[in-house]
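Me: I'd like to learn how to read helix packing and chain contacts. Could you take me through it one feature at a time?

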Amino acid sequence: MTPLQIIFIINAVITLFAAIKVVTSRNLVHAALWLILVFFGIAVFFVMLDAGFLAVAQVVIYIGAIAILMIFTIMLTRRVAKDSGAQLNSNWWGGGILALIMFAGITWILTHWQRFQTTAPTIPATTDSVRQLGVGLVSPNGFLLPFEVASVLLVAALIGAIMVAREQKK
Amino acid sequence: MGDPVTFIAKWFEGVLIGWGLEKGPTAVIMNLVGVIVIVAFVMIIDIFLVWVERKVVARFQDRLGPNRLGPFGLIQPIADVIKLLIKENIYPQGIDRFIYNLAPLLGLAPVLLLWAVIPLSPTTVGTDINVAVLYLVACGAFVSLGIIMGGWASNNKYALLGAFREVAQMISYEIPMVISLLIPVLMARSMQLNQIILSQNIWYIVAAPLAAVIFLISLIAELGRAPFDIAEGESEIVAGFHIEYTGMKFGMFYAGELLHALTFGGIFASLFLGGWRGIGAMTYPIVGIFWFFIKAYFMYWVIMWVKYSLPRIRIDQMLNFNWKLLTPLSLALLMVTAILDKLMTNVPALVYNGVLLAANIVIAWITVMILRKRSKKETPRVAEPRPIARPDAIVSTSASTPATTSQS
């Protein structure tokens, strides 16, 4: 095994364990903190795939903004959402079977997919992946249109938030 | 021989290969040793930062500061550390023990992570990743996470209030900070810190003084130091998020804060003051480390100067200042800089910097004009009598609407 594979296995185990804890912990703040560990594990996967920009963006956006906003909203609720009821209802076996079928199906499709066996191409050290990403986002042959549409959507959301929060003029 | 760090690293690598190790394990061991060396170096600096901080604040307040133990009180920080280590560990009732213990770690560890990308000299840099500037922002998120966790897990209303204030401040000030970070990135055409330093033949503070000021203000806010120390406002919420921490756990928060200030000083120096650049740094990289720390400590001193000179601002003033002044100003600045930079592709450096400096002065002048116009409108409005929580005011409102249920 190469060191990269060892790191991958360790990271995968940690990420999956944290993901299970997200849905099973009773305390919502704990769940949110486990979710941060999941996000961080995914960022590590991006690093292993030589996608430094995506890794850092993952940390900045998901941990720095989304997770902290989630913790903030949980803290603002009363009694910090400690749930004492049963964690499973009578339909748990149906959900379990569905999840197993989904898992088996995805595994089956992936193992029969031609590209599943290809090894990752090595990226030459001279390529500036950040620059290529930037060019790809703004070149007409690249992803200019989706990028602009996403920007317009975000601006609309910003304006909407301001309109909702605005003081009502009497 | 001007580069002992690289020399020692090469020698050590040679020793390891001489012992019959493969290339792969050698690289792993080299990286581990590098991490330990950087962290140890930074932590030793951190111990003496306590002394620097206390001495400087003493001078600002016309005192002498620590002067009993050793020359100039230099042994004082070691005594402080021993005191913190032997203090009793107090666990308050109703805390969330795991998170309570994890929070101080998150107060200090991300600051150490920042040193991985800061170039100390042309050759001495942890890893020169191509997204270094974004990495700096990402590490900042973890520091705030530590503060929130500490504030929440302490099971204390003051601590929780401190955590809330910290979130409001952090989410707000990250925006002008990132936008002002983009300006050096835009001028250097790279997010690599070494690349940004190399392209500063003239320091970026000349071409982008306003961006530097915005970055300085927002980094002080990210640090949570005065005048933005509302997260631990001693006179209002006693000590905010670390009210329930004792001994070395409090020490971790404190050390993290001090080291964060010096680290941000180093980042500011790298982005706007040319980092390790100085006389002789190109030929003798070891001199670069000297220049880097001179600039980093100067910026640290500026941060302390601001801290001990200004009073704390209110939370509404803090939010207004960010959203109504810094964010629009930094956005305008970014647009003007981007357009001017694109227009001046093939001009001499002197013209380039002169035009950008002039543009900055014009923007600053317009901002001051707008602010003056606004202050004329705001002064009479603030002078009006404000609704206060008098008993009769509360009674008159509660008659029409049912009183809101009080939170237990």
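Reply: Start with the axes: they are lines fitted to C-alpha atoms, for helices over the stretch in contact, and angles run from 0 to 180 degrees between N-to-C directions. Helices here (H or I, at least four residues) are DSSP runs, numbered from the N terminus. This is a predicted model, where local features need pLDDT of at least 70 and side-chain atom pairs count only at pLDDT 80 or more, while totals for chains, interfaces and linings use all residues. Residues are numbered from 1 along each chain as its sequence is written, and chains are lettered from A in the order in which they are written.

Me: At what angle do α3(A) and α5(B) pack?

Reply: Two packed helices are described by the angle between their axes and the distance between the axes. Helix α3 (residues 52-76) of chain A packs against α5(B) at about 20°, with the axes 8 Å apart. The pair is therefore roughly parallel (angles under 35 degrees).

Me: Which residues of α3(A) and α5(B) meet?

Reply: Contact means C-beta atoms, placed from the backbone, within 7 Å. From α3(A) you get, among them, A:Val56, A:Ile63 and A:Met75, and from α5(B), residues including B:Leu134, B:Ala141 and B:Trp152. By class, that contact has 16 nonpolar, 2 polar and no charged residues; Ala, Val, Leu, Ile, Met, Phe, Trp, Tyr, Cys and Pro count as nonpolar, Asp, Glu, Lys and Arg as charged, and the others, Gly among them, as polar.

Me: How many residues does each chain put into the contact between A and B?

Reply: Chain A gives 19 residues and chain B gives 19 residues. On the chain B side, α2 (23-60), α5 (132-153) and α6 (157-188) each supply two or more. The most comes from α5(B), with 9 residues. That side of chain B has 15 nonpolar, 4 polar and no charged residues.

Me: And within chain B, at what angle do α2(B) and α11(B) pack?

Reply: About 95°, with the axes of α2(B) and α11 (residues 247-272) 9 Å apart. That makes them roughly perpendicular (65 to 115 degrees). Their contact has 7 nonpolar, no polar and 2 charged residues.

Me: Last one: is B:Phe241 buried or exposed?

Reply: Burial is a neighbour count: 20 or more other C-beta atoms within 10 Å is buried, 12 or fewer is exposed, and in between is partly exposed. B:Phe241, in the loop between α10 (234-237) and α11 of chain B, has 32 such neighbours, so B:Phe241 counts as buried. Residues that B:Phe241 touches include B:Ile147, B:Ala163 and B:Glu232. By contrast, α4(A) (residues 92-111) is hardly covered, with 0 buried among its 20 residues.

Technical notes
Expected span 1.5 Å × (residues − 1). Contact = placed C-beta atoms within 7 Å. Parallel < 35°, antiparallel > 145°, perpendicular 65-115°, else oblique. Lists of a residue's contacts leave out its neighbours within four places in sequence.
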